[in-house]
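This report describes the fold of a single protein chain for a reader who is new to protein structure. Please keep the sequence and the model in view while reading.

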Amino acid sequence: MSPCCLLALLALIPLTLAANPGVKVKLTDKGIEYGKQIGMASLQQKLKTIKVPDLSGTEKVPHVGKVKYSLTGMTIVNLGLPKSALVLVPGTGVSLAITNAFINLHGNWRVRYFRFMQDRGSFDLAVNGLTITANIAIKSDETGRPMVSTVNCVANVGRASIKFHGGASWLYNLFKSYIDKALRSALQKQICPLVADAITDMNQHLKTFNVLAKVDQYAEIEYSMGTSPTISKSSMEFSLKGEFYNIVKHQEPPFSPTPFSLPPQGNNMLYIGVSSFTPNSAGFVYNNAGALSLYVTDDMIPPSSPIRLNTGTFGVFIPEIAKRFPGMMMKLLVKTVKEPTISLEPNNVTVQASGTVTAYAIQPNTTLSPLFVLNMVSQSVQSLDNIFLMVLKVVVIPKVNARLEKGFPLPSIGKMNLVNTQLQVLKDYMLIGTDVQFTG
């Protein structure tokens with residue numbers, strides 16, 4: 001292999017590693033159907049804004065001669081999209097098909113004939129058998145958010161029936177076939193541009209996707225898309241970065257996400273896979289920020305415990321403490337010395353952490369006098385180990401659990417609520433199955 005080829009391959013390695021996502025989101029058929037319902041309601045409102053231009057012209061009518069006519073003030077009084085289908089197009093996006101749609105309009109007519117005679121009235125137009133087909137591409141924009149666009153659109157106005165009311169309606173009935181055709185053409189020209197507008201409007205909602213979500217004063221999590229979504233016949237999968245960063249300065253951890261695949265499931269609308277990389281990147285951020293530390297005082301120990309945080313208790317194991325600091329309360333500083341490591345196995349989460357416990361005596365003037373530092377990984381006096389294990393069990397671990405219960409922001413769009421949520425711990429990742437509801 002030539003040196004140039006070798007260098008080219010080596011240059012690709014970091015890109016390959018960076019391409020692995022920390023989080024994957026899979027949208028199933030059930031989720032796509034729910035999204036279609038929301039989208040169709042928006043499209044229906046958009047189509048109701050169709051503005052049919054006024055029509056005017058001159059027609060020769062037997063036994064009457066030239067008739068000047070105008071149709072004005074046409075407004076939509078009813079519009080329905082009773083049947084629609086949204087089908088995934090592998091590698092591209094989705095295909096929208098609307099059939100048997102209908103539009104009802106009301107307007108005014110006016111005629112002039114025999115040069116001096118004129119009349120006016122109203123009319124109703126019923127359009128049935130309207131079909132719309134549109135292909136929609138789904139990609140990632142420059143900010144890492146999903147983006148949709150119309151690839152092509154075809155609209156066909158099926159049948160049109162017009163009924164004139166009042167005045168010289170008989171005149172219109174003599175050439176209504178021409179008017180039918182003109183109105184159908186005017187409608188047909190407006191439908192696809194409005195469909196494209198409705199699809200483009202969806203990007204305003206997609207821009208609410210939380211690419212960067214604040215967790216707390218220390219960290220934020222990034223959910224930008226690394227690539228465009230992977231689309232199959234039954235699902236749409238998004239690969240997201242899923243990495244915690246320090247809220248002030250972004251720094252990459254000394255490890256990278258490993259590849260993982262979501263299992264084929266379809267009971268829920270949405271599946272979110274969170275790899276072990278994501279919580280481990282959180283450990284890296286919080287450890288570097290000095291946030292993985294906790295002061296423990298005696299009032300945090302359950303009253304029923306025979307072990308108290310005072311020099312009397314610890315003097316039993318280290319007599320010098322009771323001799324030099326008699327009758328004083330104590331404070332413990334528990335902190336990590338390196339980022340914890342989280343491993344995920346089926347139905348099991350393992351956290352490996354190493355840290356220190358620094359013991360202080362609290363002087364009458366509240367100043368702290370250091371007593372000793374215990375490395376929680378190394379071997380030490382067994383009796384003291386038992387005490388600190390008890391402290392970890394009754395104070396530190398509940399604090400950690402309380403923080404974990406708060407969780408962290410998951411990828412979402414707008415006012416999206418998760419319902420019917422279930423969590424599974426699998427090999428190297430956690431799988432969250434959920435349904436969604438949009439409010440507001």
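Among contacts in the protein chain between residues at least 6 apart in sequence, what percentage join residues at least 24 apart? The figure is 67%, where a contact means heavy atoms within 4.5 Å.

## Basis of the report

The model is predicted: local features need pLDDT of at least 70, side-chain atom pairs count only at pLDDT 80 or more, and totals for chains, interfaces and linings use all residues. Residues are numbered from 1 along each chain as its sequence is written, and side-chain values use heavy atoms, with hydrogens and water left out.

## The chain as a whole

The protein chain contains 8 helices and 22 strands. These elements are DSSP runs numbered from the N terminus: helices (H or I) have at least four residues, and strands (E) at least two.

Of the 440 residues in the protein chain, 42% are buried. Buried means under 20% relative accessible area, exposed means over 50%, and partly exposed lies in between (1.4 Å probe, protein chains only). The protein chain exposes about 23,700 Å², and carbon and sulfur atoms supply 57% of this area. Accessible areas come from the Shrake-Rupley method with a 1.4 Å probe; for residues, only the protein chains shown count as cover.

## The six-stranded sheet

An open sheet is formed by 6 strands in the order E11-E12-E1-E14-E22-E21, with antiparallel pairing. Two strands pair if DSSP finds at least two bridges between them. Strand E11 (230–231) and strand E21 (416–426) are at the edges; each has a single partner strand, so one side of each is left without a neighbour in the sheet. E21 and strand E22 (residues 429–438) are joined in the antiparallel sense by 9 bridges, and leucine 418 stands opposite valine 436 in E22.

Helix H5 (residues 277–288) packs on the sheet, where it touches E1 and strand E14 (270–275), and its direction makes about 50° with that of E14. Helix H2 (residues 29–47) lies across strand E1 (23–28) and E22, running at about 70° to E1. Axes are lines fitted to C-alpha atoms, for helices over the stretch in contact, and angles run from 0 to 180 degrees between N-to-C directions.

## The four-stranded sheet

Another open sheet consists of 4 strands in the order E15-E16-E19-E20, again with antiparallel pairing. Its edge strands are strand E15 (293–297) and strand E20 (368–375), each of which pairs on one side only. From one strand to the next, the twist averages 20°. Strand E19 (residues 355–362) is joined to E20 by 7 bridges, and the bridge partner of alanine 359 in E20 is phenylalanine 372.

Phenylalanine 325 is found in the loop between helix H7 (319–324) and strand E16 (330–336). Is phenylalanine 325 buried or exposed? Its relative accessible area is 10%, so phenylalanine 325 is buried. Leaving aside neighbours within four places in sequence, phenylalanine 325 is in contact with Thr311, Ala361, Gln363, Ser369 and Leu371. Phenylalanine 325 and glutamine 363 are 38 residues apart in sequence, and their C-alpha atoms are 8.4 Å apart in space.

## Nonpolar cores

A nonpolar core is a set of buried Ala, Val, Leu, Ile, Met, Phe, Trp, Tyr and Cys residues joined through side-chain atoms within 4.5 Å. The largest nonpolar core has 79 residues, and Leu47 and Leu183 have the most contacts inside it. H4 gives the most to this core, with 11 residues. The core draws at least three residues from each of domain 1 (29–207) and domain 2 (212–417); these bounds come from an automatic or database domain assignment. Apart from this core lies another, of 16 residues, among them Val296, Ile321, Val357 and Leu374.

Beyond its neighbours within four places in sequence, leucine 47 is in contact with Ile76, Leu79, Leu81, Ile132, Ile191, Leu194 and Val195.

## A hairpin and its turn

E17 and E18 form a hairpin with 2 residues between them, and they pair in the antiparallel sense over 5 bridges. Isoleucine 342 stands opposite valine 351 in E18.

Asparagine 347 is in the loop between strand E17 (341–345) and strand E18 (348–352). Its phi is near 60°, a positive value in a residue other than glycine. With a relative accessible area of 71%, asparagine 347 is exposed.
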